[in-house]
Amino acid sequence: IQILDAQQETPAGRPRRIETRQCRKGMAQMQISGRAGRKSRDNHGRDPTGLARRPSLGVRRAMSAAYPLSGPRLAPASGKATHLVVLAHGYGADGNDLIELARHWQKLLPDAAFVAPNGPERCATGPGYQWFPIARLDPHELAHGVASAAPILNGFLESELAHHGLGADRLALVGFSQGTMLSLAVGLSRGAKPAAILGYSGVLAGPPPHDPGTDCPPVLLIH
């Protein structure tokens, strides 16, 4: 896992939202203290996200129907998708905050389809969407929120991969802030790991349900 420093701005160069200003400091403090690494799984070591094994086709269809997500898309420049890039936004934002990245990356990834889904819930404290509520920056609450939202994102991923006729190894996850927490949790927990995970200004809310070992995908975290 690579961790790099970058200028304190959103990937798209937009002014940071209130959530980002307030949460970045708290998340950095959790990383320094190591509290963010507390276990989110139960005493029996079970997978709280339920993603360690890929669900059956019927289950994947049910998950997709039960948790429909929508957001802006960008079709592959070449016309045929050989890869899928999913961008997960931060707390209080929406897919439009990240989809502009795709227009820049498309020059290097002409065969990639890009999608930036909106979170499943309207933000509780303002405009935009959330993947899960954030009442306070407590490691246990963050881990619980990630575990509750992970199946929703995973169901969307399965639906999108099936739509494009792609295998799980053709998937790349990109997240910002809260979206990074979801991307890490889902990407490291899936039975078939993604090709890569890229995260901006986020943390691993809890340890993965099992040691990914040599099966761990490339991960780049930028703060």
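Start by selecting glutamate 100, which is partly exposed at a relative accessible area of 32%. The model on screen is a predicted one.

A search of the whole structure finds four salt bridges. Two others are worth a stop.

Select glutamate 160 and arginine 73. Their closest N and O atoms are 2.7 Å apart, in a salt bridge. The pair connects distant parts of the chain, since glutamate 160 belongs to helix H4 (residues 139-164) and arginine 73 to strand E2 (residues 73-74), 87 residues apart. What is the relative accessible area of glutamate 160? The value is 5%, so glutamate 160 is buried, under the 20% cut-off. Arginine 73, at 46%, counts as partly exposed.

Stay in H4 and select glutamate 158 together with arginine 190. Here the side chains meet in a salt bridge of 3.3 Å, N to O. Glutamate 158 lies in helix H4 and arginine 190 in the loop between H5 and E8, so the pair ties together parts 32 residues apart in sequence. Both residues are buried.

A polar atom of the lysine 193 side chain lies 2.9 Å from the backbone oxygen of arginine 190. Lysine 193 is in the loop between H5 and strand E8 (196-200), and is buried, with a relative accessible area of 10%.

Next, select helix H5, residues 178-189. How far apart are its end C-alpha atoms? They are 17 Å apart; twelve residues at 1.5 Å a residue should span 16 Å, so the two values agree. The helix is mostly covered, with twelve of its twelve residues buried. Among them are Met181, Leu184 and Val186.

Most residues other than glycine have a negative phi. Serine 177, in the loop between strand E7 (171-176) and H5, has a positive phi near 55 degrees. Its relative accessibility is 3%, so serine 177 counts as buried. Serine 201 also has a positive phi, about 55 degrees, although it is not a glycine. Find serine 201 in the loop between E8 and strand E9 (219-222). At 9% relative accessibility, serine 201 counts as buried.

Technical notes:
Residues are numbered from 1 along each chain as its sequence is written. This is a predicted model: local features need pLDDT of at least 70, side-chain atom pairs count only at pLDDT 80 or more; totals for chains, interfaces and linings use all residues. Side-chain values use heavy atoms; hydrogens and water are left out. Helices (H or I, at least four residues) and strands (E, at least two) are DSSP runs, numbered from the N terminus. The expected span of a helix is 1.5 Å times one less than its number of residues. Buried means under 20% relative accessible area, exposed over 50%, partly exposed in between (1.4 Å probe, protein chains only). A polar contact is a pair of N or O atoms within 3.5 Å; within protein, one must be able to donate a hydrogen and the other to accept it, and residues adjacent in sequence count only if both atoms are side-chain atoms.
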